[in-house]
Amino acid sequence: MWMIRRAFAALAVAAASSLALRAFGGESLPRQSGGWRPLVKPDLK
Amino acid sequence: MSKVAVLGAGAVGLRVVKHLLTPRIGGVANLVDRVILCDTSGERLIAIRSILDQWADCIESQERAFPKDADVDAIVVATPRGTQAPLVRTAISSGVPIVLSGDGLAETVSVLKLADEAALVGVPVVLGAGFSPGLSCVLAAHASSWFDRVEEIHVTKVGAGGPACALVHHRALSRLSYDWRNNGWVRRPGGSGRELCWFPEPVGPMDCFRAALPDPVLLHHAFPNVQRITARMGATRRDRLTAPFPMLSPPPVEGGIGAIRVEIRGQRGISQDVKILGAAEKPAVAAALVAATAVDWVLAGRLQVSGMGSLAEMVEPVGFLTDLSDRGLVVEIFEGEHAIF
C-alpha cells in the first residue's frame with residue numbers, strides 16, 4: 001500500500017510539474033549553431 | 001517535339017501540365033508541345049479550363065482514366081491512391097514510359113510488383129516522382145556521393161499537397177511503418193518514435209513520427225547495402241489523435257508550405273560524418289516540378305536505368321537538381337558544427 005501511495009504521489013508530482021512547465025514555460029531557445037543555406041551550382045555543394 | 005499524357009487533374013497533375021508547356025529559363029527549348037489531360041471528373045476538367053486557358057491550343061482534355069489513344073511519348077500518373085497501380089499496368093502494356101507521382105506505401109508496393117512486367121516490355125517506370133518520395137530520393141543519392149560508405153538514411157517530411165495527398169498522410173499515421181534495419185524490415189506502429197527535426201525555413205522545427213511511408217522501400221531498392229533506412233512524418237497532437245478515425249472535415253484544396261529533410265550518416269575517410277539536405281516548398285508545387293523534370297529526362301533519354309526504379313537510381317543527381325534549381329526549386333544544406341563544405 002505504501003509503495004502504491006508513493007507511486008501515485010510521484011505521478012502527481014510529475015504531472016503537476018509538467019503542467020506548470022507547459023503553462024508557464026518560456027519561449028523555446030533559438031538554435032545555437034548551424035543553419036540552412038541553399039546549395040550552390042554547378043556542383044550543388 | 002513530344003506528346004505527353006497526364007492522368008489526374010489534381011493539384012499535382014495540373015501543375016505538371018503547366019511546367020511541361022511553360023518555356024524554361026535560359027532559353028532551354030521545351031520538349032513537350034502537346035498534352036493529353038485525363039481525369040474521371042468532367043466537372044474538374046471544366047473547372048480548370050480557365051487556369052489552363054493560356055495553353056488551350058496544346059491541351060486535349062479527356063474525361064476518362066486513361067487516354068483513348070495511347071500514342072504518347074510518356075505518361076504521368078498523378079491520380080489518387082488506389083487508382084495508380086491499374087493505370088501503371090495499363091501503361092506498361094502499352095509500352096509507354098511512365099512517371100508516377102505517388103506517396104502511398106501500399107500503392108508503391110503494388111506498383112513495384114509490376115517491375116518484372118516493365119523489365120520484360122523494356123519500358124522505363126519512374127516511381128515516386130514527387131516531393132517525398134521523389135526529391136527526397138534524389139537528395140539521398142546526391143548526399144551519398146559525398147561519403148565513402150553510407151550507413152544510414154533518414155527521411156522526414158511535413159505537409160501535404162492536394163486533398164488526395166492529405167488523405168494518404170492522415171492514414172499513414174495510423175498504419176504500420178516499415179524501416180530497414182540490419183538486413184530486415186522492422187514494422188512499428190505509425191505515430192510512434194517522436195523525433196524533433198529542423199526543416200528549412202519557414203517550416204523550422206517539428207515533431208516527426210513513424211508513418212506508413214514508401215521512402216524506405218524505394219531507398220532500399222536504390223541503396224541495398226545501407227544498414228538503416230527510416231522515414232518519419234511531421235504531425236501535430238491532433239493529427240496523431242485523429243489518425244485512426246476517418247477524416248472528419250474535408251481536407252483543404254491545397255496544403256501550405258511543407259518541407260523534406262534527408263539525413264545521411266556514414267564514413268568519410270577515417271571519420272564518421274553526417275550530412276543533411278532539405279527543401280521547403282508547397283508539396284504539390286515541388287512534386288509537380290520533380291515530375292515534370294522527370295518527364296524531360298525520360299524524353300531526353302537521360303535515365304540511367306531502364307525498367308522500374310526510384311529517382312535515386314534512375315537520374316544523375318547533380319544534373320537533376322540543377323534542372324530543378326533552374327525551374328525555381330531551392331535545395332538547401334544544413335551546416336552545423338560538422339559541416340564538410
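This is a predicted model: local features need pLDDT of at least 70, side-chain atom pairs count only at pLDDT 80 or more; totals for chains, interfaces and linings use all residues.
Residues are numbered from 1 along each chain as its sequence is written, and chains are lettered from A and ligands numbered from 1 in the order in which they are written.

**The sheet in chain B**
- Seven strands line up as S3-S2-S1-S4-S5-S6-S15 in an open sheet with parallel pairing. Helices (H or I, at least four residues) and strands (E, at least two) are DSSP runs, numbered from the N terminus, and two strands pair if DSSP finds at least two bridges between them.
- S3 (59-62) and S15 (308-310) sit at the edges with a single partner strand each, so one side of each has no neighbour in the sheet.
- From one strand to the next, the twist averages 20° (axes are lines fitted to C-alpha atoms, for helices over the stretch in contact, and angles run from 0 to 180 degrees between N-to-C directions).

- S1 (residues 2-7) runs parallel to S2 (residues 32-38), with 6 bridges between them; B:Ser2 has B:Val32 as its bridge partner.
- S1(B) is also joined to S4(B), again in parallel, by 4 bridges, and there B:Ala5 faces B:Ile75.

**S4(B) and its surroundings**
- B:Ile75 also stands opposite B:Ile98 in S5(B), where S4(B) and S5(B) pair in parallel over 3 bridges.
- In a regular strand, side chains alternate between the two faces of the sheet.
- On S4(B), B:Ala74 and B:Val76 are buried on one side, and B:Ile75 and B:Val77 on the other (buried is 20 or more other C-beta atoms within 10 Å of a residue's own, exposed is 12 or fewer, partly exposed is in between, with C-beta atoms placed from the backbone).
- Helix H10 (residues 283-299) lies across S1, S4 (74-77), S5 (98-100) and S6 (125-127), at about 160° to S4(B).

**Where chain A meets chain B**
- Contacts link 13 residues of chain A with 18 of chain B (C-beta atoms, placed from the backbone, within 7 Å).
- Chain A's side comprises 5 nonpolar, 3 polar and 5 charged residues (Ala, Val, Leu, Ile, Met, Phe, Trp, Tyr, Cys and Pro are nonpolar; Asp, Glu, Lys and Arg charged; the others, Gly among them, polar).
- S1 of chain A (residues 35-38) runs antiparallel to S16 of chain B (residues 332-335), joined by 4 bridges, with A:Gly35 opposite B:Glu335.

Key:
Two residues are in contact if their C-beta atoms, placed from the backbone, lie within 7 Å.
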